[in-house]
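I opened the model to look up its nonpolar core and some of its strands. My entries follow.

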Amino acid sequence: MSQSTPRPSQSIPVYPAMDFSVVNGANLGDPISFAAELDQGDTYELHKHAQLERLAVLMDDDGRFTIAENSALGRPGAVLHLDCCLTMMAGTGQTSEILILVEVDDAGCVAEVYMLPLAELTPRMGYALVGIDRENARRKFAEVGCVSFSRGTHITMVSGEQRAIEDLAVGDMVLTRDDGPQEVRWIGQSTVRAVGEFAPIRIKAGTLHNENDLLVSPDHRLFIYQRSDALGAGRHEVLVRARHLVNGDSVVQEDGGFVDYFQLLFDTHQIIYAEGIAAETLLVDTRTRPALPEELSEKLSEALPGHDARVRTDYEVAEALLNHPDAAKLLKRASTR
């Protein structure tokens, strides 16, 4: 029997259930909860002083989620269930989605409920519950976790050509940092509202020696080689999440409108070059697998065996080490010294 191996923790921004409660409807005064306790038509409001907090989640080989030791919320080691995806309609008519996660105690009873909004919620605005989806919550959660490049991103091919990602095709040979020429196995594409966890990060030209702007999903990890260990990471090669470089100037998060996202899949998790910046490709793991087409997912265990073996856990820099007035500028200097 194979033993379940924990993956690196992933941090997601959530509200405790008590921050979002019914102001009109059958469950007046009750906080948001899991699907079995909800009534469509109830109207909720986010409390005035509610603040997003980070919930660190571990995902095991067997698909089980648990709360990690470094989580700001919850009891470390507690099992976490992804219960449902809710559709809420604001008074403006705009709809948004919320994922509900349930922490259980050792007896299997509900200990806490958390909500992961997929778009920004406005305090004191009414949100009517108009949809409860228990079938696609895993897929929605996976889509948030898939690292994506935006339309127009130039990818470095084996020939040295800089090709727009929307012009790539399965079978094309892309230059990778570790394994040289590698064949593209699958290309995913989706158009999403550029809000909340889907709002892309723009790294402006020149910020990390890139000639053009690079627009990627918030949790996309960029590979940086520091000639000097400016971050105190204990190593020269590091992976940094795009969201942790936002400084309001050379690196910004762009909310509003829609964004076309593309995912690139190789036989193994790779570092490729996008607008000259070394960046990761899609990693197939417990979280992201549900975002893939069903027919592809069924083939992955045999066709793509190298993903789990190359997670590069030790390379990722914790957010605390990037708590700097301008971490992007610091990394740029460190990479040229």
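I began with the largest nonpolar core, which has 33 residues; such a core is a set of buried Ala, Val, Leu, Ile, Met, Phe, Trp, Tyr and Cys residues joined through side-chain atoms within 4.5 Å. Ile203, Leu208, Leu222, Val240, Leu245, Leu322 and Leu331 touch the most other members. Among the elements that give two or more residues are β18 (221–225), β19 (237–241) and α3 (327–336). The most, four residues, come from α3. Buried means under 20% relative accessible area, exposed over 50%, and partly exposed in between (1.4 Å probe, protein chains only). Helices (H or I, at least four residues) and strands (E, at least two) are DSSP runs, numbered from the N terminus.

The model is predicted: local features need pLDDT of at least 70, side-chain atom pairs count only at pLDDT 80 or more, and totals for chains, interfaces and linings use all residues. Residues are numbered from 1 along each chain as its sequence is written, and side-chain values use heavy atoms, with hydrogens and water left out.

Next I looked up Val240. Leaving aside neighbours within four places in sequence, its contacts (heavy atoms within 4.5 Å) include Leu222, Leu245, Leu322 and Leu331.

Then I turned to β7. Eight of its ten residues are buried, so β7 is largely enclosed by the rest of the structure. Strands pair if DSSP finds at least two bridges between them. I found ten bridges between β7 and antiparallel β6, with Val79 opposite Val104. Seven bridges join β7 to β8, also antiparallel, and Leu99 is partnered with Leu116. In the β7 and β8 hairpin, Gly108 has a positive phi near 85 degrees.
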